[in-house]
Amino acid sequence: MSSDTLAKVPAASGTPQPADAPRIVPQRRYGQWAAAVVVLALLGLAVNSVLRNRAFQWDVVADYFTSDSILRGLWLTLWLTAVVMVLGFALGTLLAAFRLSANPVLRAVGWGYVWLFRSIPILVQLLLWFNIGALYPQVLGVKTVDLLSPVAVAIVGLTLHEAAYAAEVVRGGILSVDRGQIEAAQALGLSPWRRWWRIVLPQAMRAIVPPAGNMLIGTLKGTSIVSVIAVNDLLFSAQLIYHRTYQVIPLLMVATLWYAVVTSLLGIGQYYVEKRYARGTGTTR
């Protein structure tokens with residue numbers, strides 16, 4: 001068989017290939033490999049520095065990591081986060097309905113609330129609520145000091161702050177639903193409640209869940225600010241210990257590690273919730 005005939009023999013794919021077809025060579029990315037080596041080297045040096053630095057006192061960290069006072073503070077942090085998220089999104093959903101209402105008064109009230117509580121820093125809000133007795137010494141005949149404990153102040157302040165952001169998240173999720181979906185549901189004669197529950201909400205959740213998950217993690221970390229009003233959360237529990245033992249760095253590392261553990265677990269949960277609501281969309285998460 002001649003060389004010309006061999007050159008025309010079809011390949012396995014059925015396409016004729018020339019006998020002297022050039023070999024495809026992958027592009028060599030020396031810069032990327034060099035950058036990866038440098039980054040790994042720096043990361044190794046950083047990890048080695050942290051592990052070998054005696055100032056971190058990892059033995060002290062291990063001793064206090066599961067101590068009763070730290071675990072009580074962790075429980076209060078988790079409980080406070082859950083309460084604030086539930087109340088914040090309940091109020092935020094109502095505010096989102098106000099902002100989407102055809103009533104101009106309700107729209108103005110919703111917009112004004114979001115503007116006000118997004119404008120005031122959360123620390124300032126907590127301090128204002130903590131000192132509310134200076135403005136209103138009594139409410140319905142009850143002393144404000146007796147009515148609002150530090151934990152109640154933390155719940156009120158964080159919830160009002162959270163609701164302003166939750167309102168925008170919910171409003172954005174509802175607006176992401178195609179108007180044609182709602183009109184189709186109306187044409188089928190579905191009641192407003194069924195349209196909301198069966199048509200709008202499942203589709204809106206695809207846009208609501210990612211920012212809501214980020215808000216949940218942000219709220220968990222943000223609860224550490226309540227230590228300024230003496231709420232015995234995780235950070236405040238660590239502070240009480242190191243004010244007594246003067247082991248500041250190890251106790252701060254205890255709080256840091258617990259925050260890292262919980263936020264990692266929440267991140268895993270967020271991934272699976274997003275994956276569930278992304279079904280049928282062809283979106284890979």
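Let's start where two helices touch: Gln181, Ile182, Ala185 and Gln186 in α9 meet Arg195, Ile199, Val200 and Gln203 in α10. Sorted by class, this contact has four nonpolar, three polar and one charged residues. Keep in mind as you look around that the model is predicted.

How do such helices sit against each other? Two packed helices are described by the angle between their axes and the distance between the axes. For α9, which spans residues 179-187, and α10, the axes come within 10 Å and cross at roughly 165°. Angles over 145 degrees count as roughly antiparallel, so α9 is roughly antiparallel to α10. Their crossing is right-handed.

Now move to another pair, helix α4 (residues 68-99) and helix α5 (residues 104-119). Here the axes lie 7 Å apart, and the packing angle is about 130°. The two helices are therefore oblique to each other, and their crossing is left-handed. On the α4 side you will find Leu91, Leu95, Phe98 and Arg99, which meet Leu106, Arg107, Val109, Gly110, Trp111, Tyr113 and Val114 in α5. By class, that contact has eight nonpolar, one polar and two charged residues.

Finally, follow α10 (192-222) to the loop between it and α11 (234-245), where Thr223 lies. Is Thr223 buried or exposed? With a relative accessible area of 0%, Thr223 is buried. A polar atom of its side chain lies 2.6 Å from the backbone oxygen of Leu220. Leaving aside residues up to four places away in sequence, Thr223 touches Thr77, Leu80, Thr81, Leu158 and Asp233.

Note on methods:
Residues are numbered from 1 along each chain as its sequence is written. This is a predicted model: local features need pLDDT of at least 70, side-chain atom pairs count only at pLDDT 80 or more; totals for chains, interfaces and linings use all residues. Side-chain values use heavy atoms; hydrogens and water are left out. Helices (H or I, at least four residues) and strands (E, at least two) are DSSP runs, numbered from the N terminus. Buried means under 20% relative accessible area, exposed over 50%, partly exposed in between (1.4 Å probe, protein chains only). A polar contact is a pair of N or O atoms within 3.5 Å; within protein, one must be able to donate a hydrogen and the other to accept it, and residues adjacent in sequence count only if both atoms are side-chain atoms. Contact means heavy atoms within 4.5 Å. Axes are lines fitted to C-alpha atoms, for helices over the stretch in contact, and angles run from 0 to 180 degrees between N-to-C directions. Angles under 35 degrees count as roughly parallel, over 145 as roughly antiparallel, 65 to 115 as roughly perpendicular and the rest as oblique. A crossing is left-handed if the near helix is turned anticlockwise from the far one by less than a right angle, and right-handed if clockwise. Ala, Val, Leu, Ile, Met, Phe, Trp, Tyr, Cys and Pro count as nonpolar, Asp, Glu, Lys and Arg as charged, and the others, Gly among them, as polar.
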